[in-house]
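Please open the structure in your viewer and keep the selection tool at hand. The tour below goes from one selection to the next and says what is to be found at each.

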Amino acid sequence: MSNQNSSEENRGQWGSKLGFIMAAAGSAVGLGNIWRFPYMTGENGGAAFVVVYLACVVFIGLPLLYVELALGRASGRNPVGAFRETGGGMPFIFTGVLCLSACFFVLTYYGVIAGWTISYAISQISQTTLVFEEYTADPVYVLPVFALFIALTVIIVRAGVEKGIEKWSKILMPLLFVLMLVIIIRGVTLPGAGAGLTYYLKPDFSKIDGTVVLKALGQAFFSLSVGWGLMITYGSYMSKKQNIVSNGLWVAFADTSVALLAGLMIFPAVFAMGHDPSSGSGLAFTTLPAVFAAMPAGWIVGTIFFLLLTVAAVTSSISMLEVPVSYFVDEKKARRSTCAVIIGVVAFLVGIPSALSNGGNEWLSNIEMFGQTGFFSILDQVFGTLALIIISLMLSIYVGWVWKPKRAIEEIEQGCPWFTKPLVVGITPAAVWAFFIRFVCPVVILLVLLNTLGVKIPGLS
Ligand code: PHE
């Protein structure tokens, strides 16, 4: 972002088209793809989950990504300001507040997992073995790396995103991609890997039920960074010349390919080693070191991989912190650097119970609520899944019925003139998009939500 074109002193604008794509893809690609997607797939039925997930990305996630970018660019505001500026009343302002809360609370446990990746990088380079259950249960190990990660996030957000991070991610993220390909080759050539490929690629549709759809939809939002108001904020830094449609497509494409590759990296190896695919949040952390151990000079690959994963996590966590920071900068005229530090420190403190809920503290590890066990899983269910679904429902209702698709289409058209030109049989992309936003997205999301709340829906329950 550079400040030259900003209309207001504190706000910035992306330096270039690539600057936006890198930052938005950097936000999207993260632990959600490499750590969360495989264990969600493993807990929710394998290939069938992947199919539902892909449908959610294309039919719900992508249209909503455009909603957020258009709303952000049209209003030039943070999520709360965007609703207010465009005439949204109370329930929508509340939705904006929910966006800030979701970003903040997810940051508190995202940082914990990112701390684990730092430890795993250290364990690879020092060629020591971390026993996942023992390591994650030990606050002496877990808390300092968590603090380190939050500190890194704060330092970068204070400095401003464009210096360094944009430049470095251009090199490091493609490198992560290449390294994943190398790890996949090792994984699929392990004896017994075939069963993992079948599990991951051959859907058994009888496994699909309401929970699977809920989890897949939640995962699509989590991974695309949609439903957090984050893309509203990032859209607000976009110039009118940029093409929202093609930029959004790039982001979704990059994000989905990394997730799909992560599955290929994990499942063949899980089966080859006789691990349990539904073992939960430790899946990537227990599987990958075993794959590295089966490679020549595997510790080097392992070290680089976990370091790159940490970078991918930082490019996501800075965007989570950016949302509440942009709110205080816009609405309360606060200083960016002060906000970043204060919110970072509070996020660390609030994250401590999550850090202790993997065996560190018995009560926090075993507490049960919303069908989840452990403080960390409960937060993930409430903020990392349910809040996103509610926000997305409100967003599609707002843009589909209150602010009206026409306004969004006028916004998207700037920078993408073909959006309103008939492509096939007289139908414009804008019309298709508006149909999805007005009808498909709200109906599907509402059904999933009702189902979660226990209302029985024929065919879904
Ligand atoms: N999309 C990120 C990931 O997959 C997580 C994230 C969510 C980042 C929300 C920013 C905001 O890891």
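This is a predicted model: local features need pLDDT of at least 70, side-chain atom pairs count only at pLDDT 80 or more; totals for chains, interfaces and linings use all residues.

With Ala297 selected, look at the backbone, where phi is near 50°, a positive value in a residue other than glycine.

Next, follow the chain to Lys333, which sits in the loop between helix 14 and helix 15 (336–355). Lys333, although not a glycine, also has a positive phi, in this case of about 55°. The relative accessibility of Lys333 is 60%, so this residue counts as exposed, the cut-off being over 50%.

For the last stop, select helix 2 (residues 31–43) together with helix 5 (residues 90–125), which pack with their axes 12 Å apart and at an angle of about 95°. That angle makes helix 2 roughly perpendicular to helix 5, because angles of 65 to 115 degrees are counted in that way. Now show the side chains where the two helices meet: from helix 2 come Leu31, Gly32 and Trp35, and from helix 5 come Tyr110, Ile113, Ala114 and Thr117. If you colour the residues of this contact by type, you will find 5 nonpolar and 2 polar residues, and no charged ones.

Notes. Residues are numbered from 1 along each chain as its sequence is written. Side-chain values use heavy atoms; hydrogens and water are left out. Axes are lines fitted to C-alpha atoms, for helices over the stretch in contact, and angles run from 0 to 180 degrees between N-to-C directions. Helices (H or I, at least four residues) and strands (E, at least two) are DSSP runs, numbered from the N terminus. Angles under 35 degrees count as roughly parallel, over 145 as roughly antiparallel, 65 to 115 as roughly perpendicular and the rest as oblique. Contact means heavy atoms within 4.5 Å. Ala, Val, Leu, Ile, Met, Phe, Trp, Tyr, Cys and Pro count as nonpolar, Asp, Glu, Lys and Arg as charged, and the others, Gly among them, as polar. Buried means under 20% relative accessible area, exposed over 50%, partly exposed in between (1.4 Å probe, protein chains only).
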